[in-house]
Amino acid sequence: MRALLRFGLGPQPTGMTLVEARLRLHSSARSGVPLVVEAYGLQRTWDEGAATWQHTTQDIPWSRDGADDPAHDRDALATGLAVVQGGERWYEWNVTSLVQRWLDDPASNHG
């Protein structure tokens with residue numbers, strides 16, 4: 001299973017220094033088998049209304065299903081990871097390096 005998330009950073013003040021960026025997601029599952037959930041930066045554009053397991057848009061496929069090609073679809077290394085064990089709680093990923101890349105090169109922000 002994979003989820004695609006997109007973030008708009010908006011205009012940033014001149015001379016701003018990024019100290020830290022964290023992705024926080026809430027689990028509403030009552031229980032579950034522990035899962036290692038990794039966060040990767042995407043390398044390709046995709047259409048929020050049309051992206052599927054196999055396609056970035058209605059007509060353009062991912063290089064590998066699930067955006068799983070580290071050469072073309074996503075970064076080769078995870079930006080952050082968390083062990084998700086279910087339960088009603090928050091989970092957090094440190095995505096500072098990914099957000100810094102987006103600030104340095106806004107065109108690289110594909111989610």
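Welcome! Start at helix H1 and turn to the face that points away from its buried side: the exposed residues Ser97 and Asp104 sit there. Keep in mind as you explore that this is a predicted model.

Now select Thr96, Leu98, Val99 and Trp102, the buried residues of H1. Why do they lie on the same side of H1? Because they cover an arc of only 165° around the axis.

**Zoom in on threonine 96.** This residue belongs to helix H1. Is threonine 96 buried or exposed? Its relative accessibility is 18%, and buried means under 20%, so threonine 96 counts as buried. Next, show the backbone nitrogen of alanine 21: the side chain of threonine 96 reaches that atom at 2.9 Å. Leaving aside residues up to four places away in sequence, threonine 96 touches Leu18, Val19, Glu20 and Ala21.

**Open up the core.** Select Ala21, Leu23, Ala39, Ala82, Val84, Tyr91, Trp93, Val95, Leu98, Val99 and Trp102 together; these 11 residues form the largest nonpolar core. Colour strand S3 (80–84), strand S4 (89–94) and helix H1 (96–104), the elements that each give two or more residues to this core. Which element gives the most? That is H1, with three residues.

**Last stop: leucine 23.** This member of the core touches Leu5, Phe7, Tyr91, Glu92, Trp93 and Val95, again not counting residues up to four places away in sequence.

Conventions:
Residues are numbered from 1 along each chain as its sequence is written. This is a predicted model: local features need pLDDT of at least 70, side-chain atom pairs count only at pLDDT 80 or more; totals for chains, interfaces and linings use all residues. Side-chain values use heavy atoms; hydrogens and water are left out. A nonpolar core is a set of buried Ala, Val, Leu, Ile, Met, Phe, Trp, Tyr and Cys residues joined through side-chain atoms within 4.5 Å. Buried means under 20% relative accessible area, exposed over 50%, partly exposed in between (1.4 Å probe, protein chains only). Helices (H or I, at least four residues) and strands (E, at least two) are DSSP runs, numbered from the N terminus. Contact means heavy atoms within 4.5 Å. The arc is that of the directions from the helix axis to the C-beta atoms. A polar contact is a pair of N or O atoms within 3.5 Å; within protein, one must be able to donate a hydrogen and the other to accept it, and residues adjacent in sequence count only if both atoms are side-chain atoms.
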